[in-house]
Amino acid sequence: MRSGRDRLNPFQKKLAIGLLVMALLSPLGIILPRLFNAGSAWGEWGPAALQGLLGYVPEGFRKYAGLWKAPAGNYNLGGEHASASAHIISYIISAIAGILIVGFAIFLIAKLLDRHGK
């Protein structure tokens, strides 16, 4: 039997369901542009794409564009020539991994603050 401390309260249940729904909807960012022939996923532009969209690349963007390299480029775990379904599954896995990593970081920070009485 589980103790009361192990159960999620109603707010936590709603939050978990909301985050899961958002993770499941994350592939819309690649599905809709393909469906409407709109190019790449919204907001995932590199300097070349911004040049084409805006006619220029903001200096800060140009300066920091190469600062971060994602562990799985384009959130695609299936490789460069993976199928659309593999790409969609990769997006969902990436979203869930991101939620878990951020949630764990928040948990650790809360524990540290609680330990120090803040």
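1. Ser 90 first. In this predicted model, Ser 90 is buried, because its relative accessible area is 4% and the cut-off for buried is under 20%. Ser 90 sits in helix H5. Setting aside neighbours within four places in sequence, Ser 90 is in contact with Tyr 75, Asn 76, Leu 77 and Gly 78.

2. On to Ala 95, another residue placed in helix H5. Is Ala 95 buried or partly exposed? Ala 95 has a relative accessibility of 21%, so Ala 95 counts as partly exposed; the buried class is for values under 20%. Once neighbours within four places in sequence are left out, Ala 95 is in contact with Ala 23 and Ser 26. If you want a C-alpha distance to check here, take Ala 95 to Leu 25: the two residues are 70 residues apart along the chain, and their C-alpha atoms are separated by 9.5 Å.

3. Next, how H5 packs with helix H2. H2 covers residues 28-35, and its axis lies 9 Å from that of H5, at an angle of about 145°. On the H2 side, the contact is made by Ile 30, Ile 31 and Arg 34. The H5 side brings Ala 84, His 87, Ile 88 and Tyr 91. By class, the residues of this contact split into five nonpolar, one polar and one charged.

4. Now the aromatics. The structure has one aromatic pair, made by Phe 104 and Phe 107. Their ring centres are 6.5 Å apart and the ring planes stand at 25°, so the pair is stacked; the stacked label needs planes under 30 degrees apart. I'd keep in mind that pairing requires centres within 6.5 Å. Both Phe 104 and Phe 107 belong to helix H5, three residues apart, which is about one turn of the helix. Phe 107 is partly exposed, because its relative accessible area is 45% and exposed would take over 50%.

5. Last, the second largest pocket. How much space lies in this pocket? About 340 Å³. Its lining has 13 residues, with Gln 12, Leu 15, Ala 16, Leu 19 and Ile 99 nearest the centre of the pocket. The elements giving two or more residues to this lining are helix H1 (10-25) and helix H5 (84-115). H1 supplies the largest share, seven residues.

Technical notes: Residues numbered from 1 in each chain as written. Predicted model: local features only at pLDDT ≥ 70, side-chain atom pairs only at ≥ 80, totals over all residues. Heavy atoms only, no water. 1 Å grid on protein atoms, 1.4 Å probe; cavity = no way out; pocket = protein on both sides within 12 Å on 5 of 7 lines; lining within 4 Å. Points joined across faces, edges and corners; volume = space filled by probe spheres on them. Helix = DSSP H or I, 4+ residues; strand = E, 2+ residues; numbered from the N terminus. Phe/Tyr/Trp six-rings, centres within 6.5 Å; stacked < 30°, edge-to-face > 60°. Buried < 20%, exposed > 50% of the residue type's maximum accessible area, 1.4 Å probe, protein only. Axes fitted to C-alpha atoms, helices over the stretch in contact; angles between N-to-C directions. Contact = heavy atoms within 4.5 Å. Nonpolar A, V, L, I, M, F, W, Y, C, P; charged D, E, K, R; others polar.
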